[in-house]
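These are my notebook entries on a single chain. I wanted to look up its strand pairing, its charged side-chain contacts and its annotated spans.

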Amino acid sequence: MTRTEYPWLLPSAMADPHDPELPGEPPPQGGGRPKGRRPRRTVRDWVVDTVLFLLAAAVGLLAAESSEQINPGGAVVLFDQLVGAAACCALWLRRRWPVRIAVVLVIAGVFSPVAGGAFLVSLFSLAVHRPFRPVALVGALALVTAFVQPLVRPEPGVGLLASIIAGIVLILLAMGWGMLVRSRRQLVVVLRERAHRAEAEAELRAEQAQRLAREAIAREMHDVLAHRLTLLSVHAGALEFRPDAPPAEVARAAGVIRDSAHEALQDLRQIIGVLRTSGEGEGDRPQPTLATLDALVAESREAGMKVVLVNRIPEPADVPAATGRTVYRIAQEALTNARKHAPGAEVTVAVRGAPGDGVVVEVDNPAPVGEPGRVPGSGQGLIGLTERATLAGGSLEHGRAGDGGFHVRAWLPWAA
């Protein structure tokens with residue numbers, strides 16, 4: 001939790017966010033404060049304690065002068081002075097034992113008017129540091145003493161009713177002021193908890209965004225590497241089943257295997273680099289677009305596929321980069337699937353579209369001749385393509401055609 005820049009301006013209970021006596025926070029298990037964990041007084045606490053001590057002492061001195069005028073040189077005056085001094089000194093412990101100090105000073109105030117100032121300060125401190133129930137109980141006892149004190153120690157020149165009303169008003173003012181201070185501190189606690197919760201939620205959202213980005217990179221890994229690794233599988237299988245092939249074809253297949261392995265390694269290094277480098281963005285590594293679709297088709301043809309490209313978009317560079325990248329990935333995955341499941345068949349890739357109408361990419365291949373061999377890792381590409389098209393605001397359909405072939409059709413938005 002973030003600490004304030006000037007903690008010495010706060011009361012000790014508010015300076016430590018984890019203080020168990022902070023208004024509004026539950027007490028630690030077992031009740032009371034953990035041993036050895038009392039907060040140290042801040043500069044503000046020392047100033048406030050000193051001012052309240054002097055104020056209580058000043059009220060006590062005024063009451064002592066009045067008592068001496070009534071009983072000059074008597075034992076009652078000495079008793080008042082001793083009780084008043086002890087009451088003022090007890091105020092330094094009011095934060096540690098607010099209920100006990102308040103009860104003792106309420107009773108002492110009945111017999112010693114000199115302790116009246118300290119008595120009011122203890123009620124204020126009790127209302128600040130404790131919840132309503134103990135405050136109400138001690139406050140009720142204090143209101144009772146407001147009726148008893150004028151009878152035990154009447155003030156000369158002041159009527160009984162006036163003394164009772166003045167006592168009740170002073171008690172209610174001290175307790176009400178303390179409750180107001182407590183409520184403001186509770187408001188600060190609530191706002192601080194909300195800020196802490198907002199920070200935690202922001203961190204959680206950042207972690208979720210990072211996790212989603214890593215999942216997107218994992219899907220990108222499948223799209224990129226599946227194309228390369230399928231080339232390796234096809235040409236390695238050709239070398240395995242045609243050991244008597246002419247040296248030129250063997251050399252050509254070996255060259256394709258070498259180039260595909262090198263490109264797959266480069267793609268894998270780029271992906272790992274993204275995972276390791278948090279500051280690297282999309283612009284730090286080259287991304288395929290619709291303009292690079294010709295290179296993808298040429299690469300597939302060099303691998304031995306029969307691919308027909310029909311691109312009816314005159315200026316591929318005008319297509320938004322995100323849309324072009326999605327078209328490229330769809331065509332790449334569809335060619336990979338055709339190579340795995342329909343080797344030797346002619347594949348048609350058709351792209352058309354216009355601003356406002358969107359971009360349509362269709363990939364068709366006829367039924368395979370014979371039973372193609374199974375390639376590990378099949379079955380996840382079309383799921384990733386559908387999710388990719390949906391996230392781009394488009395749609396994707398795929399399925400068997402009437403002649404036994406396979407048809408993939410995707411539509412992606414292109415704003416006018």
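Entry 1, the hairpin. I began with the hairpin of β2 and β3, where three residues lie between the strands and Gly356 takes a positive phi near 95°. Helices (H or I, at least four residues) and strands (E, at least two) are taken here as DSSP runs, numbered from the N terminus. The model is a predicted one, in which local features need pLDDT of at least 70 and side-chain atom pairs count only at pLDDT 80 or more, while totals for chains, interfaces and linings use all residues. Residues are numbered from 1 along each chain as its sequence is written, and side-chain values use heavy atoms, with hydrogens and water left out. I then followed the two strands: β2 and β3 pair in the antiparallel sense over seven bridges, two strands being paired if DSSP finds at least two bridges between them. Gly353 stands opposite Val359 in β3.

Entry 2, the sheet. I traced five strands forming an open sheet in the order β1-β2-β3-β5-β4, with mixed pairing. Its edge strands are β1 (306-311) and β4 (395-400), each of which pairs on one side only. From one strand to the next the twist averages 10°, where axes are lines fitted to C-alpha atoms, for helices over the stretch in contact, and angles run from 0 to 180 degrees between N-to-C directions. I found β1 and β2 running parallel, joined by six bridges; Val307 has Val347 as its bridge partner in β2.

Entry 4, salt bridges. How many salt bridges does a search of the whole structure find? The search returns four, a salt bridge being a side-chain nitrogen of Lys or Arg within 4 Å of a carboxyl oxygen of Asp or Glu. In one of them Arg94 is joined to Asp49, with the closest N and O atoms 3.0 Å apart. That pair links distant parts of the chain, since Arg94 is in the loop between α3 (75-90) and α4 (98-111) and Asp49 is in helix α2 (residues 43-70), 45 residues apart. Both residues, Arg94 and Asp49, are buried, where buried means under 20% relative accessible area, exposed over 50% and partly exposed in between (1.4 Å probe, protein chains only). I noted too that Asp49, Arg94 and Arg95 are linked in a network of salt bridges.

Glu362 forms a salt bridge with Arg352, the closest N and O atoms lying 3.4 Å apart. Here the link runs between strand β3 (residues 358-365), which holds Glu362, and strand β2 (residues 346-354), which holds Arg352. Glu362 counts as buried because its relative accessibility is 17%, whereas Arg352, at 32%, counts as partly exposed. Glu362 also forms a salt bridge with Arg409, at 3.3 Å between the closest N and O atoms. Arg409 is in strand β5 (residues 406-412), 47 residues apart from Glu362, and counts as partly exposed because its relative accessibility is 29%.
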